[in-house]
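Here's a quick briefing on a protein model. Take a look at the sequence and the 3D view first, then read on.

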Amino acid sequence: RVQQRVAAPEFEAALQEKLDEEIKRHFSLITVEMEMKKKKQIEEFRRQRDDEERSKLEVEEIIRVNQQRAQEQQQKTAQAQAAQREDLLRERDMLQRSHDLRKRKLQQSSRQGEVTFIA
């Protein structure tokens with residue numbers, strides 16, 4: 001009796017239908033799993049790309065700040081050198097004036113000595 005039932009075309013059709021449904025279910029699960037993995041990989045790729053872009057921007061900002069600091073330091077150095085040059089020129093000018101004044105005083109005192117001597 002079981003053999004007749006198993007050999008019947010209805011049983012084979014029902015069994016085939018159940019197998020087809022099970023295959024569809026497994027295929028559907030595999031498809032969902034693949035889509036989830038794909039989505040996860042895409043998200044990971046985007047995250048890595050965003051991290052790389054953020055790192056690149058941070059490095060560019062650090063370089064920009066360092067260049068700005070270097071430029072500011074160069075300007076300060078140039079200003080300090082210019083101020084030092086001006087101070088040296090002023091000091092040189094003052095020394096020259098002082099020297100010239102002493103020279104004139106010596107000349108005047110030597111002239112007065114001559115005048116006194118002649119008179």
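What follows covers a surface patch and some salt bridges.

This is a predicted model, where local features need pLDDT of at least 70, side-chain atom pairs count only at pLDDT 80 or more, and totals for chains, interfaces and linings use all residues. Residues are numbered from 1 along each chain as its sequence is written, and side-chain values use heavy atoms, with hydrogens and water left out.

**Nonpolar patch**
- Val 2, Val 6, Phe 11, Leu 15 and Leu 19 make a nonpolar surface patch of about 440 Å².
- Such a patch takes residues with over 30% relative accessible area and no salt bridge, and joins nonpolar side chains (Val, Leu, Ile, Met, Phe, Trp, Tyr) within 5 Å; areas come from the Shrake-Rupley method with a 1.4 Å probe, and for residues only the protein chains shown count as cover.
- Helix α2 (9-118) and helix α1 (2-7) each give two or more residues, with α2 giving the most, three.
- Helices here are DSSP runs (H or I, at least four residues), numbered from the N terminus.
- Val 2 sits in α1 and counts as exposed because its relative accessibility is 64%, and the cut-off for exposed is over 50%.

**Salt bridges**
- The whole structure has seven salt bridges, each a side-chain nitrogen of Lys or Arg within 4 Å of a carboxyl oxygen of Asp or Glu.
- Arg 25 pairs with Glu 22 at 2.7 Å between the closest N and O atoms, and both lie in α2, three residues apart.
- Asp 51 bridges to Arg 47 (2.7 Å, N to O) and to Arg 54 (2.6 Å between the closest N and O atoms).
- Glu 44, Arg 47, Asp 51 and Arg 54 link up in a salt-bridge network.

Note on methods:
Patches are made of residues with over 30% relative accessible area and no salt bridge: like charges are joined within 9 Å, nonpolar side chains (Val, Leu, Ile, Met, Phe, Trp, Tyr) within 5 Å. Buried means under 20% relative accessible area, exposed over 50%, partly exposed in between (1.4 Å probe, protein chains only).
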